[in-house]
Amino acid sequence: MKYIFKCLKKYTVLILLIIVLLAIQAKCDLTLPMYTSDIINVGIQEGGIESITPIAIRESEMKKLVLYMSEDNAKKVIASYCYLPKGDKANINKYSILSEEGLYILDSEEDLSSYFASPMILSISSMYGISDNEYVNLDIDNSFIKSGIISYLKSEYKTIGIDTDKIQMDYIKKVGFKMILLAFAIMSITALTVYISSIVASGFGRDLREKLVKKTMDFEPQDLAKISSASLITRCTNDIMQVQGLITMVLRIIIYAPIIGIGAISKVKGSPLSWVIILSVVSIFVLLILLFVIVVPKFKLFQDLIDRLNLVSRENLSGLSTIRAFSNEEEEEKKFDKANSDLTKNGLFVGRSMSVLMPTLTLIMNSISILIIWAGSKYIDTFEMQVGDLIAFISYTMQIVMAFLMISMVAVFMPRSLVSMRRISDIFNLKKSINDKDKVKKIDLSKITVSFNNVSFKYPDAGEYVLKDINFEANEGETIAFIGSTGSGKSTIINLIPRLYEVTDGSISINGVDIKDLSINSLRDIISYVPQKGKLFKGTIRSNLEFAQKKKDNKKIDEAIKVSQSSEFVYKNEVGLDREISEGGSNVSGGQRQRLSIARALSKDFKIIIFDDSFSALDFKTDAALRKELKKVTSDKIVFVVAQRISSIMNADKIIVLEEGKVVGEGKHEDLLKTCEVYKEIAYSQIGGDK
């Protein structure tokens, strides 16, 4: 897992920025219901009157109210107002009451609600049948009492000549404008957060793919054999996409949900309807636990089914010629249909299970809204809650429910992503079987000798040895050929030289230095290799031949084309080296593909060249011409050749005959015909003659 999290480290600043943006977004989201409540409570029900501190009050009413205040409070209140005398010509058009009596206009920004609360309650107590000795028990926050005070202020403002409709509309416009600004802020923050999280998730996926491919390229064949190529492709694509999706969910949901949930809970804390939130959260958790138990096992199976489908598809595509040759299309179609059907059934089960989730959640959330309205109406009827507060409570409840829902939904999808993370981690945790030593040696390449010293080898986890006690020496300018029956260990022995596999017992040395003491790169730099199956890469002939070169050398490429007998088809048209090569070299013949593979190997600067049965697709004439030219360019090199045909190795300086992993003959062609029975049988079976 540490390799996965390392890929996120470079995005720390962006992740912190996302957290800050989500906190701001949550603040805005939590503020919107408050404004909605204010529009209903203050803007509609209270006519836009925000405070019980009068903005203007008649002289007669002020005198009445200050009677219920202490002397200090009365002085404080009077000092906060500007007095306009009766008949004030400058303001009589604005305040018509000035024609009858004097007026006090608020001249302070200080909230005087605490000074006016009790006097106003007393002044309106007669309206509600409340005795004077009971007013001290009345709460200004009681919606019934506050409504009475607001009605009193509305009446006072109308008497003074103030346009109360304008006060109401101005308040609604002011709060509405704030809500619009908040909505735009939320939209902008959401867009920015999605953009940044996309950069983080996409960059993370790119970096993880890059590290995974680099790790894979660093493995040896025996390491890759532990994980199928189809599974490797799935892990580099689908599994990384799953982890990338999880990162997106974490950045957009896991971080945001707790912030909005905790914020909403703090807003409704102490509400008489808090029990509804507990009931709704429990209901959703019960539903999601059921879904978790049913769906999660299918999520875990999903990736294995994709592996299986990729494997079958890859086998069908790569083996298409063989399938058609044996008229076995129907059987392969059945195999694909089985893998495809299993994946489809799994996907349908998950899809159908998830499709039940949203309607059920919608039903639960709508039921919660109805329950809140039903229970809240009782509190509104007893003046313990206002309509706007009820609507705000519904909004906060939905936010809390959605927060828990988002976290729970991520918890449902997370197992699939965690399975993908484990599969990716398996590759990172897979230890390379062939490594450089802490201290490596260097060798003098002016002259070169390769020695096999009692070399034995068995494949990892295999019980029996494939090679046993192999001893021989190859000197500069020599061609060493290996021949033997199928399974005798010919390809295995030459794969040990570039350390594609590690020697089990004994040693291979170059100029007396064990190849294990050399760095892998320095060893392979002096070796050129032509595999059994000539693998060409998508591109051009030029790009395939330059693949072997550290520095581009067109002269060396031309020479390699000539030696490999490829000139006739490379230069037969105008495009020449720029001729397109399809994936795997499917647009050239087997012989052309093999010759281009040989040309690629010859384009490299090397001291040792290995041909692993690389002349099998060549006709005898081309084979002979190639070997003749090859002898000219390898006079100071060591050439190792694995062959099935005697004609390809007859002129080798040393022929090593293998049988069941052991050397049963060694020498030149003429000598082996006299001394080695196995070689004699192979020779006579191919070229005829008497035994």
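Leaving aside neighbours within four places in sequence, which residues is Thr216 in contact with? Select Thr216 and you will find Leu224, Leu232 and Ile427 in contact with it, where contact means heavy atoms within 4.5 Å. This is a predicted model, in which local features need pLDDT of at least 70 and side-chain atom pairs count only at pLDDT 80 or more, while totals for chains, interfaces and linings use all residues. Residues are numbered from 1 along each chain as its sequence is written, and side-chain values use heavy atoms, with hydrogens and water left out.

Stay with Thr216, which is found in helix H7 (residues 164-217); helices (H or I, at least four residues) and strands (E, at least two) are DSSP runs, numbered from the N terminus. Thr216 counts as buried because its relative accessibility is 15%, the term meaning under 20% relative accessible area with a 1.4 Å probe and protein chains only. Its side chain reaches the backbone oxygen of Leu212 at 2.8 Å.

Next, select the open sheet of six strands, ordered S9-S12-S13-S6-S14-S15 with mixed pairing; two strands pair if DSSP finds at least two bridges between them. Strands S9 (527-530) and S15 (662-667) stand at the edges, and because each has a single partner strand, one side of each is left without a neighbour in the sheet.

Key: Buried means under 20% relative accessible area, exposed over 50%, partly exposed in between (1.4 Å probe, protein chains only). A polar contact is a pair of N or O atoms within 3.5 Å; within protein, one must be able to donate a hydrogen and the other to accept it, and residues adjacent in sequence count only if both atoms are side-chain atoms.
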